[in-house]
Amino acid sequence: MAAIRPLIADQVSRSFGTTAAVNAASLTLNPGEITALIGHSGSGKTTFLRLLAGMERPDQGQILSGDTVLANANQHVPIEKRNIGLVFQDFALFPHMTAAENVMFGLRNVPKPERRQLAEQWLDRLGLAHRRDAYPHHLSGGEQQRTAIARALAPKPVAILLDEPFSGLDPLMRDRVREAALNAVREAGVPALLVTHDASEALVHADSIAVIDKGKILQTGTPDTLYNRPLSLEVAQALGPIHSIDAAALPDAWRTVIGVSADTLRYRPEAVQLGHGVPVTVRGSKLAGAITEVALSFGGDETVYAACQPGAPLHPGDQIEASINPSLVFDFTPKSS
Amino acid sequence: MPRWTPSLSAIPPSLIIGLVGLPVCIALYAGVVGGDGATWDHILQNRLVPYTLTTLSTLFVAAIIMLGLAVPAAWIVTQYEFPGRWIFGWALILPLAMPGYVMAYAWADLMGVAGPLQSQLRDVTGLTARQYWFPNLFTVPGLAFVLASTLFPYVYITARAAFSMQTRATLEAARSLGAGAFDLFWRVALPVALPAILGGLCLALMEAAADYGAADFLGVQTLGVGIVRSWNSFTDVNTAARLALMLVCIAFVFLIVARMYQGRSGVQQTSTRWQTPERSPLSPATAWLATLLCATIILICFVAPIARLVWLAVETKARTPDLIPLLQSTALLGLIGTGLAFGAALIFTLAAKRSRILRMATRLIAAAGYAAPGAVLGLGALFFLRETGQSLAGWVAIALLVWVYVSRFTSAGVEPMQATLDRLPKNLDLASQSLGSRGLRQFWRVDLPLILPGALAAALILFVEILKELPATLMLRPFGWDTLAVKAHAYATDERLAQATLPSLLIVLAGLLPVLLLSWRLNATERT
């Protein structure tokens, strides 16, 4: 078996009319890694996936599998020749075929007797042994999506691209399906792209994350890097809640800790920690699942927000103390030299 | 919903249900019970079996031709971009405007020994007429070709809808798994669209089974022809009734199968994310091949026959005698028939809204009338006449004819009105009733304005259908009440084709109106 090679997008652009859907985007998908591509709708993430898959042709730049050119300005290997697995949000199973037949569809190069065996192995692996002969309309959403993953992986693709694969699923089963599906993808050892708009999905499950906005890839790195050291406000916003505050309104103690250099600062709400520190007044608090969001005031008009787990319920007007973790405070003002 | 209680408002719809359903019921009753005339064995061996076999083999060949024309055309129009695609998209529906009998006249002339095709062949090869074989239109395959070329748009419309409903994701998933264009069509798109295609095919076959004019002109002994001939010979009333029973059974089977498949066009996945409307481009050579295919279909099924009729009309300076009275009687019958069928359709539509039982009954009866061929309904009316002891003349005949029109076409009027109502919010009735609107007031203030767009379409469709109707009009019209269709058929079967061209062209021209309306509606729904 040939070594599994990375799938590379190199300065790829694609416009529709006058709008640049993807603009000089570069990204390397490494074998055995799940790379999440996150961005809000209209950011170009789906077009980028379609370019990698071969459903769209790039206007500029090239797409490579290792050192083999899949697409550039002059040549274009069509989707059916690329052997790249695709998984869609709405599953896109063939409605007239059973689960096993769906998985067998891409196994045309396998001798007939082995085809069924191979398909069944894949279904077993995804926990669908008992659903082999069911038609898609008899399968639950999660079962359909696992069948789709088996179908995409069975032909031993050179890469697998997943477009919002879990967002169509019931939240209760989403976690279980995601776990099983992504484990199978990871075991396959091929480059994998997970397109999603769900930041927590990307943070928890991906080995690396790329943030795309207006067709440009803004930053690529590990989940830790992108969450804790975003290079731009857009990246910071893409990965989690972020607030802004006028630096002048901060208490002196905090300004010293942060080492203020700009007028406006951005911070993640968990940067503000309740406990020892400067005195603050509670303006309000609301429970948001595991954490509580608390609005605090230093006495002026300015409000800071904290995400924390307070020991006791907080009420407006309560006097407490709070400190700041400077590593989660960001300064995105353009540096003037 | 409250339990249905008998009320005064249920009387008009019930009466009309009876009126619409009676002709087909009489014909069926006569067919089952029989009566005087030839013995059952004789009918079975000499009439029923041969007529039935001819009809079924015609339908079989027509089905193959329709699938061959409609499915590839629908596929390339939905899937690929090629020169003229937009025009072909709707132009492929145009053949529906041609009644089968007009298509038969035109192609009989085009393919005749003295016609342009054979003349060209002789000029090019230097052979004489006896030295070569040329396909004969006056055969079962010839009739099948004629019927298929006017009715294939039924299959085309459903196939196109089914193909464009499949999300691109399904097709793209297939391609990502290595399926080429051929596999994509045979292994994915076609199997998924098959139920819808079969549904459309059954409707087309039901219409084909109802044909009388083309088969009679081409001398093919189908059941429809058999019914009219047996009745005309007066000695063989019993045979006519048995043939009618068989024909209704065939038509009903197709209608039932069509309804079973309706709305079952595969799994309707509703992701919009991947529905990029772009069609795949083709290489220049393949693109022109696609254009050629569509252009050939339209040429054969629409342009060539019409051009031939126009040429005949101009070349022979053909005059149709008595054109003005002909137009008058056609318009008068059309207007009376449209008015009454429209009223029946309106009452059906509104009654169906009010009660579930009435809804089922109206659906059933309207469908029975729709599926029953004109020859069968004509026969039912004539049996009714015989029982009452009246003779077929004057206003009695006209009343009988209009009755058959209402029976046959009410469902054609219900369909567009029902479609309009189905798009409205369900609670509109409750809202208007909560505001104190009931009965007639509700009808004038709420129902009628809402139904109006569908009602206008319904009126147009009814008028044109009645205009095109041949067998029942032929059987029932009183002296001096020939319609365009009857006269065209009389001239054509008399081998005076030149005189038949003008009425034929007028029928096609009228037939184009509802077809253009349909094509406009289809385009509108596809764009949304």
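In the predicted model described here, Leu37(A) stands opposite Ala210(A) in β9(A). Strand β9 (residues 208-213) of chain A pairs with β3(A) in the parallel sense, over four bridges. Two strands pair if DSSP finds at least two bridges between them. Helices (H or I, at least four residues) and strands (E, at least two) are DSSP runs, numbered from the N terminus. Residues are numbered from 1 along each chain as its sequence is written, while chains are lettered from A and ligands numbered from 1 in the order in which they are written. As the model is a prediction, local features need pLDDT of at least 70 and side-chain atom pairs count only at pLDDT 80 or more, whereas totals for chains, interfaces and linings use all residues.

Strand β3 of chain A spans residues 34-38. A parallel pairing of five bridges links β3(A) to strand β8 (residues 192-196) of chain A. Here Ala36(A) stands opposite Leu194(A) of β8(A). Strand β3(A) is mostly covered, with five of its five residues buried. A residue is buried if 20 or more other C-beta atoms lie within 10 Å of its own, exposed if 12 or fewer, and partly exposed in between, with C-beta atoms placed from the backbone. Ile34(A), Ala36(A) and Ile38(A) lie on one side of β3(A), and Thr35(A) and Leu37(A) on the other. Both faces are covered.

Chain A also holds an open sheet of four strands, in the order β15-β14-β13-β16, with antiparallel pairing. β15 (303-308) and β16 (319-324) stand at the edges with a single partner strand each, so one side of each is left without a neighbour in the sheet. Neighbouring strands are turned by 50 degrees against each other on average, direction ignored. Strand β13 (residues 272-288) and strand β14 (residues 291-297) of chain A are joined by seven bridges. Gly284(A) faces Ala295(A) of β14(A), the two standing opposite each other. Ala295(A) also stands opposite Tyr305(A) in β15(A). Six bridges join β14(A) and β15(A) in the antiparallel sense. Their hairpin has five residues between the strands, and Gly299(A) takes a positive phi near 115 degrees.

Chain B has 21 helices and two strands. Of its 528 residues, 48% count as buried. Among its contacts between residues at least 6 apart in sequence, 86% join residues at least 24 apart. Two residues are in contact if their C-beta atoms, placed from the backbone, lie within 7 Å.

In chain B, the axes of helix α6 (residues 140-165) and helix α8 (residues 181-209) come within 8 Å and cross at roughly 150 degrees. Axes are lines fitted to C-alpha atoms, for helices over the stretch in contact, and angles run from 0 to 180 degrees between N-to-C directions. The two helices are therefore roughly antiparallel, a term for angles over 145 degrees. The contact includes Leu147(B) and Phe163(B) of α6(B), with Ala189(B) and Glu207(B) among the residues of α8(B). By class, it has 18 nonpolar, three polar and one charged residues. Ala, Val, Leu, Ile, Met, Phe, Trp, Tyr, Cys and Pro count as nonpolar, Asp, Glu, Lys and Arg as charged, and the others, Gly among them, as polar.

Between the chains, 21 residues of chain B are in contact with 22 residues of chain A. On the chain B side, α7 (168-176) and α8 each supply at least two residues. The largest share, seven residues, comes from α7(B). This side divides into ten nonpolar, eight polar and three charged residues.

Definitions and conventions. Angles under 35 degrees count as roughly parallel, over 145 as roughly antiparallel, 65 to 115 as roughly perpendicular and the rest as oblique.
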